[in-house]
Amino acid sequence: MLKIFLGEMPDAIYHPPTYFDNQYEDEWITSELSVDMIKDVDQSDVVGPHLIESPVLGPISTKELSGGVKTLILMAFDESGKVFNASACGDNCAKWILKIAEEKDLTINLRHVMDFGDGEFKAEILNTGRVITNMTSLADVAWEYV
């Protein structure tokens, strides 16, 4: 289930891309989930754990992936118990956050109202304990915190 803490969260990793650069493991990059996320969000292809083929930048290292993809990969694979600032992601990452949360309990920090789309989804707002099921219910509670 997805759990969201809205607004400033002192213990959250505020800049996940920097944390990623110092913590990622090679097998995270070549997993099917990461390959799919990198293709979708960055429009790039994983050649290997240290080489990504970008249509814009050409061959790049893993450390040159977008901050959004790095944050998603951390959400999916980091087992440290850290909470990551999902506002480092664009709205194009929202569907992946929901997908990751289908597979495991996922707590994120949001400092803006991320667009999770028009469909139904389930998330608990940790600030209030309220369970939301769509963007309208997220917006109803988020204005107080972000």
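A residue counts as buried when its relative accessible area is under 20%, as exposed when over 50%, and as partly exposed in between, with a 1.4 Å probe and protein chains only. The model is predicted: local features need pLDDT of at least 70, side-chain atom pairs count only at pLDDT 80 or more, and totals for chains, interfaces and linings use all residues. Residues are numbered from 1 along each chain as its sequence is written, and side-chain values use heavy atoms, with hydrogens and water left out.

Helices (H or I, at least four residues) and strands (E, at least two) are DSSP runs, numbered from the N terminus. Two strands pair if DSSP finds at least two bridges between them. An open sheet is formed by five strands in the order β5-β6-β1-β7-β8, with mixed pairing. Its edges are β5 (84–85) and β8. Each has a single partner strand, so one side of each lacks a neighbour in the sheet.

Strand β1 (residues 2–6) pairs with strand β6 (residues 106–110). The sense is parallel, over five bridges. Ile 4 has Ile 108 as its bridge partner in β6. Phe 5 stands opposite Asn 109 of β6. Strand β1 also runs parallel to β7, joined by three bridges. Here Leu 2 has Ala 123 of β7 as its bridge partner.

In a regular strand the side chains alternate between the two faces of the sheet.

Strand β8 (residues 130–132) contains Ile 132. Ile 132 counts as buried because its relative accessibility is 0%. Contact means heavy atoms within 4.5 Å. Leaving aside neighbours within four places in sequence, Ile 132 is in contact with Phe 121, Lys 122, Ala 123, Ile 125, Ser 137 and Leu 138. Lys 122 lies 10 residues from Ile 132 along the chain, and their C-alpha atoms are separated by 5.7 Å.

A second open sheet has three strands in the order β2-β3-β4, with antiparallel pairing. Strands β2 (45–48) and β4 (58–60) stand at its edges. Each has a single partner strand, so one side of each is left without a neighbour in the sheet. The twist averages 30° from one strand to the next. Angles here run from 0 to 180 degrees between N-to-C directions, and axes are lines fitted to C-alpha atoms, for helices over the stretch in contact. Strand β3 (residues 51–54) runs antiparallel to β4, and three bridges join them. Ile 52 stands opposite Ile 60 in β4.

Two packed helices are described by the angle between their axes and the distance between the axes. Helix α3 (residues 32–42) and α5 have axes that come within 11 Å and cross at roughly 165°. Angles under 35 degrees count as roughly parallel, over 145 as roughly antiparallel, 65 to 115 as roughly perpendicular and the rest as oblique. Helices α3 and α5 are therefore roughly antiparallel. In this contact, Leu 33, Asp 36, Met 37, Asp 40 and Val 41 of α3 meet Lys 95, Trp 96, Lys 99 and Ile 100 of α5.

The axes of α3 and helix α4 (residues 67–77) come within 10 Å, crossing at roughly 155°. That makes α3 roughly antiparallel to α4 as well. Residues of α3 in this contact include Leu 33, Met 37 and Val 41, and those of α4 include Val 69, Leu 72 and Ile 73.

Helix α1 (residues 16–23) also meets α4. Their axes come within 8 Å and cross at roughly 60°. Among the contacting residues are Pro 16, Tyr 19 and Phe 20 of α1, with Lys 70, Ile 73 and Leu 74 of α4.

A disulfide is a pair of cysteine sulfur atoms within 2.5 Å. By this rule the count is zero. The sulfur of Cys 89 has its closest cysteine sulfur in Cys 93, 4.1 Å away, which is too far for a bond. Cys 89 counts as buried because its relative accessibility is 5%. Cys 93 is buried too, with a relative accessible area of 0%.
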